[in-house]
Amino acid sequence: MKGGSRVGSLKLIFIELRGKLWESSMHLQRVQIPDFRALKNIDITFEKEFQPRIFPLGSQNGGGKSTLLQLIFVLLHCSVDSDKKHFLINMLENFHIYKGKDKRVLAIIDIWDGDRTVNLEFLSCKDDYIKLLEPNYKDEIVEGNDYKFSILDKVEDMRNQAVNLGNEAFEFDRVLNALERIRSDSSDPVCINRYLKQLSYQLNNVRLKRALDNSHGTRNSPDISHMIDVVNHMRNEYGEELRTLRYEIEGLDIILQRAREVMNSNNYMYLCNHSTEKNSGEVLLCHIDNIDMEESENFFKELSKKAFLAAPSTQVFLFLSRQSRNLLFQENDNEMNYSSQLKHAKLAMPGLFTYDFLSVDVLIEYFKMARDQDFKQAIHTGEYGNHYKDLLNDFKSMLLNKVVIPNEDLSGVTFKLDDGEEDQELYTEDLSHGELKRLSIYMWIKYRNIENAIVLMDEIEIAFHPDWQYQIVQELKEWAPSNQYILATHSYPLCEALTPAHVKEIEPKLLKQETLD
């Protein structure tokens, strides 16, 4: 093996090992927000050595706790996934660079990865700010107005267009072959029209479908030859468009390579273009410190998997579009309502959870998982495990004088009173709001197997008695002790479950409750 290959192999092994380390040790260590919506001069440290790793975040109403959690979540969960970046763009709707400035810092987030602190500075800047990073760039290499950060998006979009055009070219060939077979196999107009109808139904290309429908002559005398001429002409047009597009991509690749080199040498990662009519030509970057840029993308991908947000479903989620947010304050009888938009967002963002009512199907699946874990343990050790038994005990501890009893075939569950006398069967709706919420949080953490993660939870105390507000801290610690929890709250009982140093506050601070003698 040559020296270069050996070094490359060792580097890949090192990155893989660090990836495994990231999977076990993510911790949000510090967050700074200079000025974003209601948040002003925020600087909060979440000490990694504190145990438990549970930090209440308190303030009075209007302090921006929910905004802070949502901003952290979107930056960590959505920054490197192209399918999620529109949530990031929505979040930055009213964030723009001050007049006369080239850039503006959005947030500075320090992440402990188990070995070191990685500093992430998210900032908005002008799209052509890249030229200030490399003032001596050569005009003969960088032609026109394409030397911008957003060239990454432009080239990616053009490559996607090229792929789509290539796929459509295959469809043209398939249609031509089918038309040739129809012309050679049948002369009966009825049969030909039936074949043409089937062929048109199978097409994805709308332009091609319309061209076939409009060019096959009369019903009694379909003109297959004319149709072949039309399809050939369209295929040639698509081919020319594809060749032109590929030529443009080749030219832009030179600029793209230069842009990547400049960004890497300055430790910048391009995230998205969030331009609007108010802030035209602005992009979001992340300046990354204390990590090799070749590792940064893997780091962000692992971080995305380890960032979670739980919040009430009636919360105004700023990462939804303006149109979707407005629906929350309107009466909507059609399918276009706030709940449906939030449902789509939850499907797109696996890290998002709302305190909805618990699905019985999920309960059943979790009982099956516990049963299967015990059986696997029996295969390996000869003795059944306690996963199923522990699950029953956990449910019993969460409910007031009630138990959850699964059917023998695990086709359903029954809730019953546990009062020492004859069991009284209950319906799911007989459980209190607090009990259902407690169960849903437990199932979200356990069923999703959320471990070693950064879990942001907004208003967790809603529907909980003060005793349960105090108790939920210990329960989170027991359910998944490897997680870091940041709990936006108004609850003093919850804050009192931890040391004063654990409690973080932003203005306006909580008012201490007076005790009555």
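What is the mean pLDDT of the protein, and what share of its residues reach 70 or more? The mean is 84, and 85% of residues get to 70 or more; pLDDT is the predictor's confidence in each residue, on a scale from 0 to 100. So you know what you're looking at: this is a predicted model, where local features need pLDDT of at least 70, side-chain atom pairs count only at pLDDT 80 or more, and totals for chains, interfaces and linings use all residues. Residues are numbered from 1 along each chain as its sequence is written, and side-chain values use heavy atoms, with hydrogens and water left out.

On to the helices. Helices here are DSSP runs of H or I with at least four residues, strands are runs of E with at least two, and both are numbered from the N terminus. Two packed helices are described by the angle between their axes and the distance between the axes. The axes are lines fitted to C-alpha atoms, for helices over the stretch in contact, and angles run from 0 to 180 degrees between N-to-C directions.

Take α14, residues 433-447, and α15, residues 466-479: they pack at about 20°, axes 11 Å apart. That makes α14 roughly parallel to α15, a label for angles under 35 degrees. From α14, the contact uses G434, E435, R438, I441, Y442, I445 and K446, and from α15 it uses W468, Q471, E475, L476 and W479.

Then there's α13, residues 387-398, whose axis comes within 10 Å of that of α14, crossing at roughly 150°. Here L391, D394, F395, S397 and M398 of α13 meet E435, R438, L439, Y442 and M443 of α14. Look back at α14 and you'll find E435, R438 and Y442 in the α15 contact too.

Last, the sheet. It's open, with three strands in the order β10-β11-β12 and antiparallel pairing; two strands pair if DSSP finds at least two bridges between them. Which strands sit at the edges? Those are β10 (402-406) and β12 (425-426), each pairing on one side only. Between β10 and β11, residues 413-417, there are five bridges.

Notes:
Parallel < 35°, antiparallel > 145°, perpendicular 65-115°, else oblique. Contact = heavy atoms within 4.5 Å.
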